Amino acid sequence: MTLTLDNRSQNKESSLTQALRQIQQLNSKIAVLEQQHLSHVQKQQNLIAAIAEICVSPMQEIQALRILIYRGEAACRQYLRSVLVKQRKNS
């Protein structure tokens, strides 16, 4: 009887230990995801500031924002580079 109770206690303890380890792993993954999200948001904020600085017309700004939303950061940066090249050619 004592042996059965001891086994049950050990099983419960190992289950709790395992659950605690899983919670800690999830918390670590959440922390990494939060950091990645903050980095992504910061990059987009910087890019939006660049859009406002580089684009000379509202249509260019709208186009840049559409590209950012639908095609992503790299495509938006490429578009902004092309806008800068055109501006330099016109100068």
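Helices (H or I, at least four residues) and strands (E, at least two) are DSSP runs, numbered from the N terminus. On that basis, Arg 77 and Glu 73 both lie in helix 3 (residues 73-90), 4 residues apart, about one turn of the helix.

This is a predicted model, in which local features need pLDDT of at least 70 and side-chain atom pairs count only at pLDDT 80 or more, while totals for chains, interfaces and linings use all residues. Residues are numbered from 1 along each chain as its sequence is written, and side-chain values use heavy atoms, with hydrogens and water left out.

**Overall fold and confidence**

The protein chain contains 3 helices and 0 strands, and its elements run α-α-α from the N terminus on. The average pLDDT (the predictor's confidence in each residue, from 0 to 100) is 89 for the protein chain, and 88% of the residues score at least 70. Confidence is lowest in helix 1, with a mean of 86, and highest in helix 2, at 95.

Of the 91 residues, 14% count as buried; buried means under 20% relative accessible area, exposed over 50%, and partly exposed in between (1.4 Å probe, protein chains only). The protein chain exposes about 7,700 Å², of which carbon and sulfur atoms supply 56%. Accessible areas come from the Shrake-Rupley method with a 1.4 Å probe; for residues, only the protein chains shown count as cover. Contact means heavy atoms within 4.5 Å. Among contacts between residues at least 6 apart in sequence, 47% join residues at least 24 apart.

**Nonpolar core**

A nonpolar core is a set of buried Ala, Val, Leu, Ile, Met, Phe, Trp, Tyr and Cys residues joined through side-chain atoms within 4.5 Å. The largest such core has 12 residues, among them Leu 47, Ile 51, Leu 68, Cys 76 and Val 83. Helix 1, helix 2 and helix 3 each supply at least two residues of this core, and helix 3 gives the most, with 5 residues. Leaving aside neighbours within four places in sequence, Leu 68 is in contact with Gln 44, Leu 47, Ile 48, Glu 73 and Cys 76.

Side chains of opposite charge can pair when their charged atoms come close. A salt bridge is defined as a side-chain nitrogen of Lys or Arg within 4 Å of a carboxyl oxygen of Asp or Glu, and by this rule the count comes to 1. The side chains of Arg 77 and Glu 73 form this bridge, at 3.1 Å from N to O.

Beyond its neighbours within four places in sequence, Arg 77 is in contact with Lys 43 and Leu 47. The C-alpha atoms of Arg 77 and Ala 50 are separated by 9.2 Å, although these residues are 27 apart along the chain.

**Surface patch**

Patches are made of residues with over 30% relative accessible area and no salt bridge; like charges are joined within 9 Å, and nonpolar side chains (Val, Leu, Ile, Met, Phe, Trp, Tyr) within 5 Å. Ile 48, Leu 65, Ile 69 and Tyr 70 form a nonpolar patch on the surface, with about 460 Å² of accessible area together. Helix 2 (residues 58-71) provides the largest share of the patch, 3 residues, while Ile 48 is found in helix 1 (residues 2-54).

| Residue | Relative accessibility | Class |
|---|---|---|
| Ile 48 | 43% | partly exposed |
| Arg 77 | 33% | partly exposed |
| Glu 73 | 24% | partly exposed |
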